[in-house]
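Subject: Structure handover

Hello,

Please find the structure below.

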Amino acid sequence: MVDSNPKPHAILVCYPLQGHVIPTIHLAIKLAQKGFTVTFINTESTHYQITQKNCKTDIFSDIQGHQDLDIRYMTVSDGLPVNFDRSLNHDQFMASLLHVFSAHVEEALLKTMESKLYPPVNCLIADSFFVFPGKLAKKYGLSYVSFWTEPALVFTLYYHLHLLKLHGHFGCIDMREDPIDYIPGVKSIKPKDLMSYLQETDTTSICHQIIFNAFKDVRNADFILCNTVQELEPETISALQIDEKPFYAIGPVFPPEFAKSDVATSMWSESDCTHWLDLQQQASVLYVSFGSYAHITKSDLVEIAYGLSLSKVRFIWVLRPDIVRSDDDPNLLPEDFKDEIRDRGLVVPWCCQKQVLTHSAIGGFLTHCGWNSILEAIWCKVPLLCFPLLTDQFTNRKLVIGDWKIGFNLCDKNPITKVEISLKIHNLMHGKLGYECRNAIKKVKKTLQNAVRAGGSSERNLDNFIRLTEAVKSRNGNGTGKARAKCQRGRTGKDLSRVKSQTY
């Protein structure tokens with residue numbers, strides 16, 4: 001039987017990209033620790049990538065055993081076969097998320113709401129890049145919580161696209177190149193620091209369609225949760241909070257001891273670099289990684305390889321097999337590269353980034369500026385050398401270099417050269433600028449620590465969100481009548497057998 005006064009129950013839908021999977025899993029755990037029942041909806045493909053080595057049916061099973069967390073787990077199709085290569089067929093993958101995925105989520109939602117094994121559902125929490133959650137929540141009488149996994153600066157730029165269009169900084173052939181100073185809560189930002197999709201003149205791509213539709217849907221959200229820290233982006237967040245939507249900075253959502261997590265979050269098989277790192281001197285190793293999804297050109301990759309060689313710095317380089325798009329040559333690196341670096345460098349296809357960054361041997365990070373990587377580097381006090389490739393990474397770089405001064409730039413869209421790379425690496429690891437970045441990042445780390453402590457801004461914001469959620473739940477009579485009535489009206493008679501639920 002379902003408890004007459006159940007805990008709040010959130011259905012949490014995970015966006016199927018590595019940079020979104022990690023914070024969404026951590027959010028599920030945080031909410032469960034705060035007393036929520038969470039039904040976590042993952043795609044079958046993401047689930048397979050995370051669990052293919054251990055064949056688990058529930059990625060949360062290990063942590064639930066010793067933390068008594070109420071997290072239910074479901075997998076649904078994203079509309080494509082599990083083994084379909086989503087990285088090399090990016091547009092087809094995005095089209096499926098835009099047009100097909102919502103139907104599978106709705107089936108899972110119906111199954112959850114109708115089952116007597118689940119407490120009543122109160123809210124739908126979904127990644128802000130989905131195009132359907134607001135409509136789905138409204139259809140079934142649920143609160144809609146939009147989860148933004150990137151900084152508030154990126155959110156507000158997308159949220160105010162209409163202003164960028166109005167002033168000629170987006171969506172026109174001859175886009176203005178002067179600084180943008182009219183976005184609420186943003187003093188000034190250069191066009192080169194906008195997200196990559198906002199720097200493009202062709203706005204008809206599938207990714208642009210997703211952005212436009214997602215941020216129309218976000219305007220229907222009852223709450224917005226953001227994986228950032230109030231004190232890191234105070235003016236931007238304050239301006240967003242003036243709008244009619246409650247906007248809560250609750251980051252960083254990863255646990256303080258994040259290198260020892262019991263929940264698998266990686267969609268790639270990880271190489272263990274610990275033994276090699278143990279043999280290196282303190283702060284002597286450069287960590288190089290360009291994330292899980294973006295691609296680079298073969299010429300840039302070769303220049304980076306020779307730049308690493310010229311620098312004479314010890315390094316670990318995460319080199320995904322698919323990092324060069326549609327490259328037929330299985331040997332990504334120059335033939336003489338391995339001989340030149342000898343035992344000075346370690347090249348792996350993937351690793352546990354958190355374990356690497358927490359190691360005392362790491363002294364710098366050459367990064368694509370993914371938001372998870374930036375937050376993890378700050379936590380580990382590792383200064384950054386920035387080489388953004390795609391989407392929010394250019395805007396994240398602006399925060400790293402311009403606002404917090406915890407890193408510096410590798411290049412600005414110009415062809416990179418091995419000499420320039422070598423000089424910048426040396427400056428990061430041994431130069432004055434690297435030293436200044438190290439001192440600055442210590443202060444930013446304290447800001448993160450203070451935010452997630454008891455009474456800190458992120459903890460207060462999360463508690464305030466939960467209180468408001470509880471108030472809505474009480475006002476709606478525990479969410480049972482209206483939602484379940486709508487659920488019954490929404491029933492289409494479709495076969496739900498393809499919705500796989502592993503844990504009840």
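The structure holds zero disulfides, a disulfide being a pair of cysteine sulfur atoms within 2.5 Å. For Cys207, the nearest cysteine sulfur is that of Cys14, 18 Å away. For Cys351, it is that of Cys273, at 4.6 Å. Cys207 has a relative accessible area of 9% and is therefore buried; Cys351, at 4%, is buried too. Buried means under 20% relative accessible area, with a 1.4 Å probe and protein chains only.

This is a predicted model: local features need pLDDT of at least 70, side-chain atom pairs count only at pLDDT 80 or more, and totals for chains, interfaces and linings use all residues. Residues are numbered from 1 along each chain as its sequence is written, and side-chain values use heavy atoms, with hydrogens and water left out.

Helix 7 (residues 152-159) and helix 16 (residues 393-403) have axes that come within 9 Å and cross at roughly 130 degrees. Helices are DSSP runs of H or I, at least four residues, numbered from the N terminus; axes are lines fitted to C-alpha atoms over the stretch in contact, and angles run from 0 to 180 degrees between N-to-C directions.

Leu153, Val154 and Leu157 of helix 7 meet Thr395, Asn396, Lys398 and Leu399 of helix 16, where contact means heavy atoms within 4.5 Å.

Thr156 is also in helix 7 and, at 0% relative accessibility, counts as buried. Beyond its neighbours within four places in sequence, Thr156 contacts Ile183, Pro184, Val186, Thr236 and Leu240.

Regards

How values were computed. Helix = DSSP H or I, 4+ residues; strand = E, 2+ residues; numbered from the N terminus. Buried < 20%, exposed > 50% of the residue type's maximum accessible area, 1.4 Å probe, protein only.
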